[in-house]
Each structure stands twice: as C-alpha cells, then as structure tokens.
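User: Can you walk me through this model? I'd like to start with the helix packing.

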Amino acid sequence: MFERFTRHARDVMRGAVEHGEREGARFIDTDHMLLALLDREASRASFALAALGLADRKESVRGALGEARRRGGLTRADEDALAGLGIDVSAIVHRVEETHGVGAMSGDRGGRGWWSGHRPFSRGAKDVLERALRTAIGRRDRHIGDEHILLALTVCPGVPAEILADHGVTYESVTRVLYGGGAAQAS
C-alpha cells in the first residue's frame, strides 16, 4: 500500500513516527498522524485545513490532544458513558495525577524501555490507513495522498475525529473544499 502514497502522505507518516518517538510512545497512533498533518505545508491536506480555518488554531488542536491524553485517550462519548455509570473521569484523573504526577494516565513511557527503534502502528492507525486507501479507491484516485489520510481521520472513531469536528473539520467540509461544492478547491 505504501508504494501508492504520495510524497506528502509519506511525509505525514514519517512525521507521525517522529511524534511517537519524541513522546516515547509504544505505538504510532492516530493522534500522531493528526499532529503530523498539522505540521504539513503546501499539500492538499494543509490547504484544506487552512481553508477551514484550522491554520490559525493548530495550538488549540494540540492542546485538545494533550487533554485527551491526560484522560487516558478517552473521547467525550467514552467519558459520558462512564458518567452514566457514575464514574467521574475528571475526579479519577485528578486523583491519579495527585499521586503519580501530571500526565500519569497518558500512557507516555517517557523514553523508558527497550525500544529497538521500531514502533508498530496501533489498531486505530491501521484503520485510518485502510480507510485512506478505501477513500482513494472510492474517488478513483491512483494515489493515496495526505488529503486521504485527513479524510480518514475525520471518519474513524476516536479522539482525532472528535477534535477535528470540534474545530469545524468534518468529512463533509474537507470533501467540499477539496473536491468542490464550495468557493475554494484544492488543485
């Protein structure tokens, strides 16, 4: 599949690996992919994000990802479901951080461990890549670009999709910008 990736898509994947390594993460996950997309310039995905107003709000997205990590990667839907069972996630995070320090639930290993230099992709990241492939095939594109990765992140369940939607970046809005139906269109 990676042979079908454009240069920009490959750069996103390299960037995701770099973000994961910097954090000492065990797996390359969807949040690393989103962070790598935010780093991109002069690509179809970066055009779409800028057209949707995200260029000026990248720090807000990064902050929301950080907060989600503090909650152990739970989405608001997860948090609401637990609240329905009488479990206050905020209280649990507060207690854990009181005892073990800020970010204790984030799953970050802080560079500790036996890493050989290779970090596998999480199930969620693999799902995004599969969805990116399906999106490209569905659009009859001969390549998989960073725009396909962005589109996949907007529809695969998880924290990145939730944060993107909170910032007005949805499958429909990205499709409109990239493929028509709106004033702006990526070339």
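Analyst: Some terms to begin with: helices (H or I, at least four residues) and strands (E, at least two) are DSSP runs, numbered from the N terminus. Axes are lines fitted to C-alpha atoms, for helices over the stretch in contact, and angles run from 0 to 180 degrees between N-to-C directions. This is a predicted model, where local features need pLDDT of at least 70 and side-chain atom pairs count only at pLDDT 80 or more, while totals for chains, interfaces and linings use all residues. Residues are numbered from 1 along each chain as its sequence is written, and side-chain values use heavy atoms, with hydrogens and water left out.

User: OK. At what angle do α3 and α8 pack?

Analyst: About 50 degrees, and their axes are 6 Å apart. That makes α3 oblique to α8 (angles under 35 degrees count as roughly parallel, over 145 as roughly antiparallel, 65 to 115 as roughly perpendicular and the rest as oblique).

User: Which residues make the contact?

Analyst: From α3, R44, A45, S46, A48 and L49; from α8, D146, E147 and L150. Contact means heavy atoms within 4.5 Å. The residues of this α3 and α8 contact divide into 4 nonpolar, 1 polar and 3 charged. For those classes, Ala, Val, Leu, Ile, Met, Phe, Trp, Tyr, Cys and Pro count as nonpolar, Asp, Glu, Lys and Arg as charged, and the others, Gly among them, as polar.

User: And α7 with α8, what's the angle there?

Analyst: Helix α7 (residues 123–138) packs on helix α8 (residues 146–155) at about 120 degrees, with the axes 8 Å apart. On the α7 side the contact uses V128, R131, A132, T135 and A136, and on the α8 side H148, I149, L151, A152, L153 and V155.

User: Switching to salt bridges. How many are there?

Analyst: The structure holds 11, a salt bridge being a side-chain nitrogen of Lys or Arg within 4 Å of a carboxyl oxygen of Asp or Glu.

User: Which residues are linked with D11 in a network?

Analyst: R7, R14 and R40 are linked with D11 in a network of salt bridges. R14 meets D11 at 2.7 Å, N to O, and both lie in helix α1 (residues 7–23), 3 residues apart, about one turn of the helix. D11 also bridges to R40, with the closest N and O atoms 3.5 Å apart. That pair links distant parts of the chain: D11 is in helix α1 and R40 in the loop between α2 (30–39) and α3 (44–51), 29 residues apart.

User: Are D11 and R40 buried or exposed?

Analyst: Both are buried, meaning under 20% relative accessible area; exposed is over 50%, and partly exposed lies in between (1.4 Å probe, protein chains only). R14 is partly exposed, because its relative accessible area is 46%.

User: What does D39 pair with?

Analyst: R62, with the closest N and O atoms 2.9 Å apart. D39 sits in helix α2 and R62 in helix α4 (residues 58–70), 23 residues apart. D39 counts as partly exposed at 40% relative accessibility, and R62 as partly exposed at 24%.
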